[in-house]
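Hi there,

I am passing a structure on to you, with some notes to read beside it. Please open it first and have a look around.

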Amino acid sequence: MSDLFLQMNNITKRFPGVVALSNVGFTLRRGEVHALLGENGAGKSTLMKILSGVYQPDEGEILFEGRSVTFASPLEAQLLGITIIHQEFNLFPDLTVEENIFIGREFCKKNNRWQLDAKTQRQKVQTILDTLNLKIKPETRVADLTVAQQQMVEIAKAISVNAKILIMDEPTAALTESEIDSLFNVTRLLKQQGTGIVYISHRLEELALIADRATVMRDGQFIGTVDYETVQISDLIAMMVGRKLGDIYPRRPPFTGRDAVLEVKNLTRKDVLHDIHFSLYRGEILGLSGLMGAGRTELARALFGADKIDGGEIKLHGKAVAISSVHQAIEQGIGYLTEDRKKEGLALGLSVELNIMLGNYPEYSDAFGIVKEKRCQQTSEQLVNALRIKTPHLQQPALHLSGGNQQKIIIARWVCKDTDILIFDEPTRGIDVGAKLEIYELMNRLVAKGKSIIMISSELPEILGMCDRILVMRNGRITGELDNATATQENIMKYATLED
Ligand SMILES: Nc1ncnc2c1ncn2[C@@H]1O[C@H](COP(=O)(O)OP(=O)(O)OP(=O)(O)O)[C@@H](O)[C@H]1O
Ligand SMILES: [Mg+2]
């Protein structure tokens, strides 16, 4: 048998108002890592949902190990050895790590299949966690884990079944460098064992480390399949967006402002934040860098009134303020785009328009509290266009948008709110290169209008490319401050890993 063991031919899939896939072809070899690339909404997840039995194609065929196959459900695909780690998590928050990994496939005693063989199962879980270098306890509730740890549990779950094909839909979007390393090690191991791996990611540099081939899609169409070793990243981008992109970090004039909009002194939260001291100026993009767990999100949450603080002073426009709730923070002019947009952001059942306008209705109502529908519609339409949110119309439920486009909705919501200070926590995670550029341009327009932005990002090139000043955090403290002219990846990392 040839090493080409999967072939998807002429796959077409329509949803109401959208042709998600049109005549797409895809092949996979044994023991290869095949990257699937394309802009948000290109059809990557849909193609893989078809391969894993979540959706059925309207047209086309799937040949697996030489036979034509159809899957009526994900279970049928799984029985043939096809496993997927979805872009959206599928964990049960109230169950433990172990229960999530083995749900429906619990280890039972040899002599009594109704009795759980707890010891063997625990050993098995521990082995998987060790392979992934994952330092969490099998008995921890998933709800108590960070987003990154939850992602690793998804991965643990997928590798616990010996898959012939493993599909990973943006597995690293929420991971730290060291977690990505462990994931790549496991990927190489699976590759050696002959597993075919489909890997969806927007991080092209990272793919160079593991991908053998790449298939690029655009607007539901197949664009091409190339060898990763020989292709130039700029060519891949051109295939994805259909044009050559200019400078990915659009330039701004050097920042000279000294009009402090936010001053933070001695901010402390027991065991989490220590003696935080900094200012944010009008028209500035201030970067917040550091490793995962350094306290960046915790600082954002404290400023936003989401977590109580134990001490310190916050001044807005020179006046001391007490921010003890999210509501107060917004009233005082602080907006926060959270990193966990699924949990804290989107109402999946509601339309694109409602999701953008959510929380913005007071400003869009007349004196009698009646919502100005026309204005809401105009505003959301403008934002949908400005951010190129891919949706057939404004009334589409957010649920039906691709992952990256769902994120853009939340960005649109905060832009619409028009607060003076915006905290963006990983704003471009999971977002394609073209859309990244749009978000950067939008940030530049906001600061040009006199807004101030705090940007938390784990991507150093992005921090370096976009920020006027950079604060580096470690263990809940600010360990360094760098300005745009002198910052480098090396000196950021130095402050991020500084010993206490
Ligand atoms: N269940 C659905 N109902 C209606 N439209 C859908 C549904 N699922 C996907 N779509 C649409 O199909 C298109 C392709 O979506 P898909 O999720 O495959 O994109 P993607 O390439 O994975 O994007 P991203 O990088 O943002 O995750 C999009 O326009 C999306 O809105
Ligand atoms: Mg997707």
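This is a predicted model: local features need pLDDT of at least 70, side-chain atom pairs count only at pLDDT 80 or more; totals for chains, interfaces and linings use all residues.

Start with the open sheet of 6 strands, whose order is β16-β17-β18-β13-β19-β20, with mixed pairing. Its edge strands are β16 and β20 (477–483), each of which pairs on one side only. From one strand to the next, the twist averages 20°.

Strand β16 runs parallel to β17 (residues 421–425), and 4 bridges join the two. If you want a place to look, Ile-334 stands opposite Ile-421 in β17.

Further along, β13 (residues 285–289) and β18 (residues 452–456) also run parallel, joined by 4 bridges. Here Gly-287 has Met-455 of β18 as its bridge partner.

**Helices on the sheet**

Helix α17 (residues 489–497) packs on the sheet and touches β13, β19 (469–474) and β20. Its direction makes about 30° with that of β19. Helix α15 lies across β13, β17 and β18, and runs at about 145° to β18.

**Two helices side by side**

How do we describe a helix pair? Two packed helices are described by the angle between their axes and the distance between the axes. For α14 (residues 403–417) and α15 (residues 433–448), the angle is about 10° and the axes are 12 Å apart. Angles under 35 degrees count as roughly parallel, so α14 is roughly parallel to α15. On the α14 side, the contact is made by Lys-408, Ile-411 and Val-415; on the α15 side, by Ala-435, Glu-438, Ile-439, Leu-442 and Leu-446. By class, that contact has 6 nonpolar, no polar and 2 charged residues.

**Helix α6**

Last, look at α6 (residues 177–192), which has 16 residues. From its first C-alpha to its last it reaches 23 Å, close to the 22 Å expected at 1.5 Å a residue. Which residues of α6 are buried? They are Glu-179, Ile-180, Ser-182, Leu-183, Phe-184, Val-186, Thr-187 and Leu-190. Their cover includes β3 (33–37), α4 (118–131), α5 (147–160), β7 (165–169), β8 (196–200) and α7 (204–207). After α6 comes Gly-194, whose phi is positive, near 95°.

Happy exploring!

How values were computed:
Residues are numbered from 1 along each chain as its sequence is written. Chains are lettered from A and ligands numbered from 1 in the order in which they are written. Side-chain values use heavy atoms; hydrogens and water are left out. Axes are lines fitted to C-alpha atoms, for helices over the stretch in contact, and angles run from 0 to 180 degrees between N-to-C directions. Angles under 35 degrees count as roughly parallel, over 145 as roughly antiparallel, 65 to 115 as roughly perpendicular and the rest as oblique. Contact means heavy atoms within 4.5 Å. Ala, Val, Leu, Ile, Met, Phe, Trp, Tyr, Cys and Pro count as nonpolar, Asp, Glu, Lys and Arg as charged, and the others, Gly among them, as polar. The expected span of a helix is 1.5 Å times one less than its number of residues. Buried means under 20% relative accessible area, exposed over 50%, partly exposed in between (1.4 Å probe, protein chains only). Two strands pair if DSSP finds at least two bridges between them.
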